[in-house]
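Subject: Handover of a structure

Dear colleague,

Please find the structure for your review below.

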Amino acid sequence: DNYVKEYRPLAEQMYQNIVISNIDLERQKYIIKLHVARKKPMIFVGVAGTGKTTVIKDYLADMKAASEDFVNLNINNNNYTSSFALQAIIMGALDKRSGRTFGPPGNKKCVFFIDDLNMPYVDTYDTQSAIMLLTQMITYAQIYNREALEDK
């Protein structure tokens with residue numbers, strides 16, 4: 001009972017934005033918190049309508065309210081999301097620090113939420129270029145500079 005937050009309605013909140021805390025929601029948010037603290041990527045999997053996006057957006061709202069040290073970026077994929085577009089979105093949220101080092105503005109930490117991961121177009125080679133870009137970023141902790149044809 002001490003993990004579940006008491007519901008306090010806001011007078012000017014839209015119906016679809018109401019999230020009522022329960023033990024399952026708090027468990028999932030705790031798992032996200034552990035991954036964020038250890039800087040580990042994670043993926044929520046489930047059929048449509050199970051609340052994956054709601055859980056993560058609620059966690060990000062709590063994180064933003066609790067600390068000014070974090071910024072987050074929500075990226076919604078669709079059929080037209082290519083690796084080029086995704087790279088431009090990600091790089092647009094980061095500042096160049098020194099040499100090949102990029103990071104969020106100031107001394108903050110950035111959390112990316114990428115929704116609808118399975119939506120990008122499947123090409124001739126049965127791959128999704130946006131997902132392959134994310135795989136490269138997570139595996140090698142770097143990104144490819146398309147203009148200079150070198151690591152960024």
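In this account, contact means heavy atoms within 4.5 Å. Helices (H or I, at least four residues) and strands (E, at least two) are DSSP runs, numbered from the N terminus. The model is predicted, so that local features need pLDDT of at least 70 and side-chain atom pairs count only at pLDDT 80 or more, while totals for chains, interfaces and linings use all residues. Residues are numbered from 1 along each chain as its sequence is written, and side-chain values use heavy atoms, with hydrogens and water left out.

Helix H4

Helix H4 comprises residues 129-140. The expected span of a helix is 1.5 Å times one less than its number of residues. For the 12 residues of H4 this gives 16 Å, which agrees with the 16 Å between its end C-alpha atoms.

The buried residues of H4 are Ala130, Ile131, Leu133 and Leu134. They lie on the same side of H4 because they cover an arc of only 155° around the axis, the arc being that of the directions from the helix axis to the C-beta atoms. These buried residues pack against helix H3 (83-92) and strand S4 (109-115). On the other side of H4, Thr139 and Tyr140 are exposed.

Two residues with positive phi

Ala141 follows H4 and is located in the loop between H4 and strand S5 (144-145). Its phi is positive, about 55°, although Ala141 is not a glycine. Ala141 counts as exposed, at 70% relative accessibility.

Asp116 is found in the loop between S4 and H4. Asp116 is not a glycine either, yet has a positive phi of about 55°. With a relative accessible area of 37%, Asp116 is partly exposed.

Helices H1 and H2

The axes of helix H1 (residues 23-37) and helix H2 (residues 52-66) come within 10 Å and cross at roughly 65°. Axes here are lines fitted to C-alpha atoms, for helices over the stretch in contact, and angles run from 0 to 180 degrees between N-to-C directions.

From H1, the residues in contact are Leu25, Gln28, Lys29, Ile32, Lys33 and Val36. Their counterparts in H2 are Val55, Ile56, Asp58, Tyr59 and Asp62.

Yours sincerely

Methods. Buried < 20%, exposed > 50% of the residue type's maximum accessible area, 1.4 Å probe, protein only.
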